[in-house]
Amino acid sequence: ASLKTEKLQKVLASRGVGSRREMERWIQAGRVVVDGRVATLGQRVTEVENIVVDGRELAARKSTPTRVLLMNKRVGTIVSAAPTDNLASVFDQLPVLSGGRWISVGRLDVNTSGLLLFVNDGLLAHRLMHPSTGIDREYAVRVEGKLEEMGIQRLKNGVLIDGEMGRFSDIRYYNGQGSNHWYHVVLMEGRNREVRLLFASQGVKVTRLKRVRFGPVVLPSSLRRGQLMEIGPDDVRRLCDLMGVKYVKSGPDKTKKLNVGNSVLIPYPGLAAPTSHRN
């Protein structure tokens with residue numbers, strides 16, 4: 001049987017060498033060698049070639065156990081590995097990886113708090129973020145003012161923002177008093193500042209924004225602001241299965257895990273039941 005091929009830049013990104021765009025530039029610059037020949041952009045490879053980047057051989061994909069971290073991001077931190085003078089980066093808090101690197105699954109802006117995922121598998125990160133896989137995101141939103149019934153309907157039907165149609169696939173009033181009201185909203189994609197802009201289009205201002213769910217992953221109430229936890233192996237395996245990504249379990253020489261709590265997954269279309277409940 002012929003082996004499945006993938007574009008070289010995708011393979012490099014999935015092994016944690018760098019982003020796909022970056023890898024395209026590296027290939028063009030002649031920094032990648034496949035089976036002794038300088039690679040070309042768009043070249044396809046399987047799992048068996050010898051790939052050398054900047055003179056260093058790339059480790060086989062199968063060797064790195066799949067890990068997923070969950071952070072309750074606090075307001076005032078940025079989701080960028082490039083540090084700035086006055087803002088802390090969420091990456092500063094992550095444990096050091098011996099092989100590969102942590103990739104954040106999407107971003108939250110500096111004023112947004114809540115659920116943030118980090119994975120060490122580029123393909124898993126890509127699939128979780130890509131609109132085609134249909135993973136939704138849920139936010140708890142505090143606004144100044146209250147939406148009229150018409151406004152809620154408009155936000156569900158779609159509003160034009162900067163020439164692009166934005167909409168909530170679900171919006172529910174939560175509670176509130178005086179001028180402050182909480183809503184829970186669900187978005188399919190979460191473009192930059194989309195939640196704030198959608199509310200602003202109906203004349204209400206977002207004063208607090210917190211992501212509480214990413215697809216089947218929910219933010220545990222026990223995880224305090226700024227805290228980090230490791231998602232347990234059963235959850236990670238189920239996430240990989242859902243996304244069609246190979247799950248690599250950690251061997252007997254387990255890398256030091258962060259505090260692994262209970263399951264953080266809720267029932268979700270296509271997600272397998274927890275192993276412990278299977279007969």
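Modeller: In β18, Val218 is the bridge partner of Arg213. Helices (H or I, at least four residues) and strands (E, at least two) are DSSP runs numbered from the N terminus. This is a predicted model, where local features need pLDDT of at least 70 and side-chain atom pairs count only at pLDDT 80 or more, while totals for chains, interfaces and linings use all residues. Residues are numbered from 1 along each chain as its sequence is written, and side-chain values use heavy atoms, with hydrogens and water left out.

Colleague: How many bridges between β17 and β18?

Modeller: Two, in the antiparallel sense; two strands pair if DSSP finds at least two bridges between them. β17 and β18 form a hairpin with two residues between them, and Gly215 in the turn has a positive phi of about 60°.

Colleague: And β12 with β17, parallel or antiparallel?

Modeller: Antiparallel, with eight bridges joining β12 (residues 137-144) to β17. Ala140 has Lys210 as its bridge partner in β17.

Colleague: What about β11 and β17?

Modeller: β11 (residues 112-119) and β17 (residues 205-214) run parallel, joined by three bridges. Thr112 is partnered by Leu209 in β17.

Colleague: Changing topic, how many cavities of 30 Å³ or more?

Modeller: One in the whole structure. A cavity is a set of points on a 1 Å grid over the protein atoms alone where a 1.4 Å probe fits but cannot get out.

Colleague: Which residues lie nearest its centre?

Modeller: Thr66, Pro233, Tyr247, Ser250 and Lys257, out of 14 lining residues; lining means having an atom within 4 Å of a point.

Key:
On a 1 Å grid over the protein atoms alone, a cavity is a set of points where a 1.4 Å probe fits but cannot get out, and a pocket is an open set with protein on both sides within 12 Å along at least five of seven lines; lining residues have an atom within 4 Å of a point. Grid points are joined across faces, edges and corners, and a volume is the space filled by probe spheres set on the points.
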